[in-house]
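Please open the model in the viewer and follow the selections below in order. Each stop names what to select and then states what is there.

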Amino acid sequence: MGNLLCCVQVDQSTVAIREQFGKFDSVLEPGCHCLPWMAGKRIVGHLTLRLQQLDVRCETKTKDNVFVTVVASIQYRPLAGKESDAFYKLTNTRSQIQAYVFDVIRASVPKLLLDDAFEQKNDIAKAVEDELEKAMSAYGFEIVQTLIVDIEPDENVKRAMNDINAAARMRVAANEKAEAEKIIQIKRAEGEAEAKYLSGLGIARQRQAIVDGLRDSVLGFSVNVPGTTAKDVMDMVLITQYFDTMKEIGASSKSSAVFIPHGPGAVRDIATQIRDGLLQGQSATQQ
């Protein structure tokens, strides 16, 4: 019906390319336009002014010979005032952009190591954008933004990188665990040393108390029983302790003891050996 009335409608964010007898005539903006088809004028196509996006996957390799797939996202649109160039000069805009992206990525990434490629994604994107802006402006297109959205190494490489990272973390964990065990052992040794020190103090005080008690007993017995010597008192004390010990061994049903030839007379022999040892030590000290 519009053609019969020589009228045509152009939608918003779209322009129409009008020709007259096969030659470019004008660019029609959104709205309603008169199109006298009898004068040889006709619409040959439409061009969207919306921002478009093209995702490009490019396989290349890095400087350390790791094959990666670089995913670039190109955002572009026709330049205002150059709609005719954007419509006529390129047959396939997306293929043309893809070719430039391939060229720049395959020239940039091989100069970088794999780790550097991840760190310099913005530099790669800037190089692609500069090259596309310079090339596509001649064809009536504006490159709005270029993004490197992903760098995908080969699966085996990613697995190896994960293993390296896991090994490094395990090494750090092992060092921390060893350091913790070292601290525990040091603290345990310090505690054992302190316990032995305190135990030694207790034993020393116990023996000192025993010695003081024996001394008081000997002195008291010598005073109360005239004619007795210190030797007689010591023998009696040792015999008393001997019988107390035998009583404790017999009273314990779960006692584990080693019996040696013994008798009341053995106490006197033990006392004699102790005195002889003390006299020999004293003599050696004086010499």
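This is a predicted model: local features need pLDDT of at least 70, side-chain atom pairs count only at pLDDT 80 or more; totals for chains, interfaces and linings use all residues.

**Aromatic contacts**

With a relative accessibility of 37%, Y88 counts as partly exposed.

A search of the whole structure finds three aromatic pairs. In one of them, the ring centres of F24 and Y88 are 5.8 Å apart and the planes stand at 80°, so the arrangement is edge-to-face. Because F24 belongs to strand 3 and Y88 to helix 1 (residues 83-88), the pair ties together parts that are 64 residues apart in sequence. F24 is partly exposed, at a relative accessible area of 33%.

Next, select Y76 and F141. How are these two rings arranged? Y76 and F141 form an edge-to-face aromatic pair, 5.9 Å from centre to centre with 70° between the planes. Distant parts of the chain are linked here, since Y76 lies in strand 7 and F141 in strand 8 (residues 141-153), 65 residues apart. Are the two residues buried or exposed? Y76 is buried, with a relative accessible area of 2%, and F141 counts as buried at 3%.

**A charge over a ring**

Select R106 together with F102. The charged end of R106 sits over the ring of F102, at 4.8 Å from the ring centre.

**Cysteine sulfurs**

How many disulfides are counted? The count comes to zero. A disulfide would need two cysteine sulfur atoms within 2.5 Å. For C32, the closest cysteine sulfur is that of C7, at 4.7 Å, which is too far for a bond. For C34, the closest cysteine sulfur also belongs to C7, at 5.6 Å, again too far for a bond. C32 is exposed, with a relative accessible area of 63%.

**Positive phi in two loops**

Select F21 and inspect its backbone. F21 has a positive phi of about 55°, although it is not a glycine. F21 lies in the loop between strand 2 (14-20) and strand 3 (23-28). At 65% relative accessibility, F21 counts as exposed.

Finish at N65. Which loop holds this residue? N65 is placed in the loop between strand 6 (52-61) and strand 7 (67-78). N65 has a positive phi of about 60° and is not a glycine. N65 is exposed, with a relative accessible area of 52%.

Definitions and conventions
Residues are numbered from 1 along each chain as its sequence is written. Side-chain values use heavy atoms; hydrogens and water are left out. Helices (H or I, at least four residues) and strands (E, at least two) are DSSP runs, numbered from the N terminus. Buried means under 20% relative accessible area, exposed over 50%, partly exposed in between (1.4 Å probe, protein chains only). Rings of Phe, Tyr and Trp (its six-membered ring) pair if their centres lie within 6.5 Å; planes under 30 degrees apart count as stacked, over 60 as edge-to-face and the rest as tilted. A charge sits over a ring if NZ of Lys or CZ of Arg is within 6 Å of the ring centre and within 35 degrees of the ring normal.
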